[in-house]
Amino acid sequence: MDNTQLKISDQNGIPVFSFVGNCKAEGIACLADKLREMAAAGQKKYIFDFSACKLINSPAMGELLDAILLVDRDFDGHVVVCGLDSLKETLFTISGIIPIAQEASEASVAAQLLLNLAD
């Protein structure tokens, strides 16, 4: 995927979506499609890492909420968000992302949380 705002890697078999720089809706518009594709292949656990994310605009927050609801409600899956500073943590709580998604300090902790969940 050729995108500078969204990078996908792997942590213990769990996809890690890393949000980089200034996140705008246009830069993460492929997120829902990628989640649908992975869910169709049987993936139910995801990590969203915001440690390299400086700023998230309002339309991007809407995309994130939609993506997390998609995983939670449509795929009966789980998302753990990590790398949040205090501003993002407040923003995610006010927008309703937390508590739909669990929160962890970093990707390795998020992976451990998800690995401990029953499928």
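Five of the five residues of strand E4 are buried, so E4 is largely enclosed by the rest of the structure. Buried means under 20% relative accessible area, exposed over 50%, and partly exposed in between (1.4 Å probe, protein chains only). Strands (E, at least two residues) and helices (H or I, at least four) are DSSP runs, numbered from the N terminus.

This is a predicted model: local features need pLDDT of at least 70, side-chain atom pairs count only at pLDDT 80 or more, and totals for chains, interfaces and linings use all residues. Residues are numbered from 1 along each chain as its sequence is written, and side-chain values use heavy atoms, with hydrogens and water left out.

E4 spans residues 45-49. In a regular strand the side chains alternate between the two faces of the sheet. Both faces of E4 are covered. Lys-45, Ile-47 and Asp-49 are buried on one side. Tyr-46 and Phe-48 are buried on the other.

## The whole chain

The protein chain holds five helices and seven strands. Along the sequence they follow the pattern β-β-β-α-β-β-α-β-α-α-β-α. The radius of gyration of the chain is 13 Å, close to the 14 Å that the globule rule gives for 119 residues, so the chain is as compact as a globular protein of that length. That radius is taken over C-alpha atoms, and the rule is 2.2 Å times the number of residues to the power 0.38. The C-alpha atoms fill a box of roughly 35 × 30 × 25 Å along the principal axes.

Buried residues make up 45% of the 119 residues. Among contacts with a separation of 6 or more, 66% join residues 24 or more positions apart. Contact means heavy atoms within 4.5 Å.

## Surface and charge

The accessible surface of the protein chain comes to about 6,100 Å². Carbon and sulfur atoms account for 50% of that surface. Accessible areas come from the Shrake-Rupley method with a 1.4 Å probe; for residues, only the protein chains shown count as cover.

The chain carries 9 positive and 16 negative charges, and their mean positions are 3 Å apart. Lys and Arg count as positive and Asp and Glu as negative, while His and the chain ends are not counted. Each charge is placed at NZ of Lys, CZ of Arg, CG of Asp or CD of Glu.

## Strands side by side

E4 has a parallel partner in E2, with three bridges between them. Two strands pair if DSSP finds at least two bridges between them. Ser-18 has Asp-49 of E4 as its bridge partner.

E4 also pairs with E6 in the parallel sense, over five bridges. Two of the residue pairs can be named. Lys-45 has His-78 of E6 as its bridge partner. Asp-49 has Cys-82 of E6.

E6 covers residues 78-82, and four of its five residues are buried, so E6 too is largely enclosed by the rest of the structure. E6 runs parallel to E7 (residues 102-104), joined by three bridges. Val-80 has Gln-102 of E7 as its bridge partner.

## Two buried helix residues

Leu-35 lies in helix H1, residues 31-40. Leu-35 is buried, with a relative accessible area of 0%. Not counting residues up to four places away in sequence, Leu-35 touches Phe-17, Tyr-46, Phe-48, Ala-67, Leu-70, Val-71 and Phe-75. Its C-alpha atom is separated by 18 Å from that of Thr-4, 31 residues apart along the chain.

Ala-107 sits in helix H5, residues 107-115. Ala-107 is buried as well, with a relative accessible area of 14%. Leaving aside neighbours within four places in sequence, Ala-107 is in contact with Gln-11, Ile-47, Asp-49 and Cys-82. Ala-107 and Val-81 are 26 residues apart along the chain, and their C-alpha atoms are separated by 8.3 Å.

## Two loop residues with positive phi

Most residues other than glycine have a negative phi, and most peptide bonds are trans. Asn-12 is not a glycine, yet has a positive phi of about 55°. Asn-12 is in the loop between E1 (6-11) and E2 (14-19). At 51% relative accessibility, Asn-12 counts as exposed.

Asp-76 is not a glycine either, and has a positive phi of about 50°. Asp-76 lies in the loop between helix H2 (58-74) and E6. At 56% relative accessibility, Asp-76 counts as exposed.
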